[in-house]
Amino acid sequence: MDLKKVFLKGACPTSIGGQAIMEGIMMRGPQRTAIAIRMPDGRIFMKTEPNPKGSRWGRIPLIRGVVNFVNSLVYGTKVLMYSADKLEEFYPEDYEKDKFDVWVEEKLGKEKAWKILMILSVVLALAMSIGLFMLLPTVVVGWMSHLTDSVLLMNLVEGIVRILIFMLYIVLIAQMPDIKTVFQYHGAEHKTIHCFENNLELTPENAQQFYTVHPRCGTSFLVFVMIIAVLVHALMGWPNVVLRVACRLLVLPLIAGLSYELLKWAGRSSNPVVKALSLPGLYVQKLTTREPDNKQLEVAIAAMKAVLKPEDTPYFEGVCDLNGDPVREEENESSAEVQEDREVE
């Protein structure tokens, strides 16, 4: 990997970030968020909305890392569910709700069911992440206490096992067709942000010249968490498994806070120390991103352009053009007819 193509000279780092979703991209700018989804007929469906108001806790170093992580997890889950709902509308023959979702909707109504399912999704995601990547490694490596008294060695092996579990998890889910597409949109998000930060015109051709990795990616954040965890855990000794698990949970907010500060530093600096610290996360991003095609980049660029609109631009939900502007109903119908004619041909 040529780091000169990642930490580009003359690039202007931005606070704009995003997330790959089902058949699309969520992009968040300074004032607004845009969710762009590719429809079956080739058009782009978009929803724009104001960013949630941040709390004062979200501006305090170390604490803001935990706050932003939780907020990102909650909002990210909400956006994923929104994209899944839209795909059910666009592809009714391919996406069917499971029996549990149908049962919850029948009992509580669609709106309440949606909120409950979102809460359950967040709780399950947190539980799985903490259990699989934080607690399982320390339990698995517990047997080493019979072989060595070195606290540093045991914590180092625990960290390696944690990273291996994480990478194995990524490799396994990457085999799923839907996840492969999500990873392509993840790459499209990074290429588009690189293109914008380098003051190039936002076109698929310009964006394609960049790598699919980016120093501010959430994948890098997770890798920072795993690396910092080794250092923090080494200071806590190697007590019995119950106390060890409890300690891991107690210091997790501190580790997340430190990792967030490191990620922000990596996003705005290109000195040799930052490059060295960023390398593990950048290489892991090779697993969580794929090369996008131009159509996927069009979706990412439309989302980017939508969040760059002036503050007084009205929010909307509907079909948009490649500039992230809403398409009028008559234009909408004409575009759909043209697309149908092309498919027939």
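Helices here are DSSP runs of H or I with at least four residues, strands are runs of E with at least two, and both are numbered from the N terminus. The model is predicted, so local features need pLDDT of at least 70 and side-chain atom pairs count only at pLDDT 80 or more, while totals for chains, interfaces and linings use all residues. Residues are numbered from 1 along each chain as its sequence is written, and side-chain values use heavy atoms, with hydrogens and water left out.

**Exercise 1. Get to know the chain.**

Find how many helices and strands the protein chain has, and what share of its residues count as buried.

*Solution.* Start with the secondary structure: the protein chain has 11 helices and five strands. Next, recall that buried means under 20% relative accessible area, exposed means over 50%, and partly exposed is in between (1.4 Å probe, protein chains only). On that scale, 43% of the 345 residues count as buried. Finally, look at contacts, meaning heavy atoms within 4.5 Å. Among contacts in the protein chain with a separation of 6 or more, 70% join residues 24 or more positions apart.

**Exercise 2. Check the span of α4.**

Decide whether the span of helix α4 agrees or disagrees with its number of residues.

*Solution.* The expected span of a helix is 1.5 Å times one less than its number of residues. Helix α4 runs over residues 151–173. Its 23 residues should therefore span 33 Å, and the end C-alpha atoms are 33 Å apart, which agrees. While you are here, pick out the buried residues of α4: M154, N155, E158, G159, R162, I165, F166, I170 and I173.

**Exercise 3. Compare the partners of α4.**

Classify the direction of α4 against α9, then against α7.

*Solution.* Axes are lines fitted to C-alpha atoms, for helices over the stretch in contact, and angles run from 0 to 180 degrees between N-to-C directions. Angles under 35 degrees count as roughly parallel, over 145 as roughly antiparallel, 65 to 115 as roughly perpendicular and the rest as oblique.

Take α9 (residues 272–288) to begin with: α4 packs against α9 at about 25 degrees, with the axes 9 Å apart. The two are therefore roughly parallel. In this contact, F166, M167, I170 and V171 of α4 meet V284, L287 and T288 of α9. To sort such residues, count Ala, Val, Leu, Ile, Met, Phe, Trp, Tyr, Cys and Pro as nonpolar, Asp, Glu, Lys and Arg as charged, and the others, Gly among them, as polar. The contact of α4 with α9 then has six nonpolar, one polar and no charged residues.

Now turn to α7 (residues 218–234): the axes of α4 and α7 come within 8 Å and cross at roughly 165 degrees. These helices are therefore roughly antiparallel. The residues of α4 in this contact include V151, L152 and R162, and those of α7 include L222, M226 and H233. By class, the contact of α4 with α7 divides into 10 nonpolar, three polar and two charged residues.

**Exercise 4. Follow α7 onward.**

Describe how α7 meets α8, and state what V223 touches.

*Solution.* The axes of α7 and α8 (residues 241–268) come within 8 Å and cross at roughly 125 degrees. That angle makes α7 oblique to α8. Among the residues in the contact are F221, F224 and I228 of α7, with V251, I255 and L262 of α8. The contact of α7 with α8 holds 13 nonpolar, three polar and one charged residue.

V223 also lies in α7. With 5% relative accessibility, V223 counts as buried. Leaving aside neighbours within four places in sequence, V223 is in contact with P280, G281 and V284. V223 and V284 are 61 residues apart in sequence and 8.0 Å apart in space, C-alpha to C-alpha.
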